[in-house]
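Here's a quick tour of how this chain packs together. Have the sequence and the model open while you read.

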Amino acid sequence: MTETGHGLLASWRRSLWRERDLLVVSGETAPILRGRAEYHREHDIESRETPESERLVARLTGAACAAAVLLPVRESWGWTVTVPGSAVGLFCAVEPDGRVTIRVREASPLRAAAVVQRQRAGGPLIQSHIASKTTDPARIVEHYFAQAEQAEARVALDPQGRVVLLRPLPEARGRDLLRLDDDGLFRAVAAAERAGRIDPLEDVLLYYGCRCDDETVLEMIASLPPAQRREVWGDQRELAIECPRCGRRYRVRRQGLEADDGPTQD
């Protein structure tokens, strides 16, 4: 774990367990979640975390980051999850540059849903709806692979924020490991690493952040058609805008008195 201008960096790795024909992703979520807390303090974002929501955030963050690191080519990922029986709705984005954004919202405990959006640079947006009755976000990520990718995947997380994801290659000899419990999976991977049986393929740094900024918000408002911009402004001199991804609030004021004047940032 290191600290830079981007905040706390979490080191993740994609590897190959050759004798077992398994792709292995390993990493940790603690720096990302600490970075999130610092981001909230810096931008005065109100946090109403409960023990339940903290647990759900940690498990979705770990599994979603592992899924993103699994790819040899970086993509933008967005996970929108409502856990069955819970009033907690979750959003987690992982960007190609390593930024991770997490948002918690109130949700109906009667509505369970999981939607995954993926997009490679210059490619189409791919959206998948995942059917799952599990209350564990990490299992929802596994169900995504089974339903959308027609592939097996196994995610293990521990209380310290360590994460391991296994994905078998075609005709893999290591599928039996997917049936281990989390502790057994961590032990098996650690033993193979000590024995030099797992070959590193790529190291990836992840950190907490959001792609919103003053310029993006101003451009969003300025790009609206004149009629829609007049509707948004009404007779107000100032707008309060909240980023839907991270919850950061922006205050934008109008330059003049005309309804279609362009905005400026305080």
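## Cores, helices and strands

This is a predicted model, so let's start on the inside. The largest nonpolar core has 57 residues, and W12, I32, W77, W79 and L206 are the ones with the most contacts inside it. Helix α2 gives the most to this core, putting in 10 residues. There's also a second, separate core of 14 residues, with W17, L22, A156 and I198 among them. As a rule, nonpolar side chains in soluble globular proteins tend to be buried together.

Now for α2 and its partner. The axes of α2 (residues 51-69) and α3 (residues 137-148) come within 7 Å and cross at roughly 30 degrees. Angles under 35 degrees count as roughly parallel, and α2 and α3 are therefore roughly parallel to each other. On the α2 side, the contact uses L56, R59, L60, A63, A64 and A67; on the α3 side, P137, A138, R139, V141 and F145. Sorted by type, the residues of this contact are 9 nonpolar, no polar and 2 charged.

On to the strands, where β7 pairs with both β4 and β8:

| Pair | Sense | Bridges |
|---|---|---|
| β4 (residues 76-82) and β7 (residues 113-119) | antiparallel | 7 bridges |
| β7 and β8 (residues 126-129) | antiparallel | 4 bridges |

W79, already met in the largest core, stands opposite V116 in β7. V115 stands opposite H129 in β8. The hairpin of β7 and β8 has 6 residues between the strands, and G122 there takes a positive phi near 80 degrees.

Definitions and conventions. Residues are numbered from 1 along each chain as its sequence is written. This is a predicted model: local features need pLDDT of at least 70, side-chain atom pairs count only at pLDDT 80 or more; totals for chains, interfaces and linings use all residues. Side-chain values use heavy atoms; hydrogens and water are left out. Axes are lines fitted to C-alpha atoms, for helices over the stretch in contact, and angles run from 0 to 180 degrees between N-to-C directions. Helices (H or I, at least four residues) and strands (E, at least two) are DSSP runs, numbered from the N terminus. Angles under 35 degrees count as roughly parallel, over 145 as roughly antiparallel, 65 to 115 as roughly perpendicular and the rest as oblique. Contact means heavy atoms within 4.5 Å. Ala, Val, Leu, Ile, Met, Phe, Trp, Tyr, Cys and Pro count as nonpolar, Asp, Glu, Lys and Arg as charged, and the others, Gly among them, as polar. A nonpolar core is a set of buried Ala, Val, Leu, Ile, Met, Phe, Trp, Tyr and Cys residues joined through side-chain atoms within 4.5 Å. Buried means under 20% relative accessible area, exposed over 50%, partly exposed in between (1.4 Å probe, protein chains only). Two strands pair if DSSP finds at least two bridges between them.
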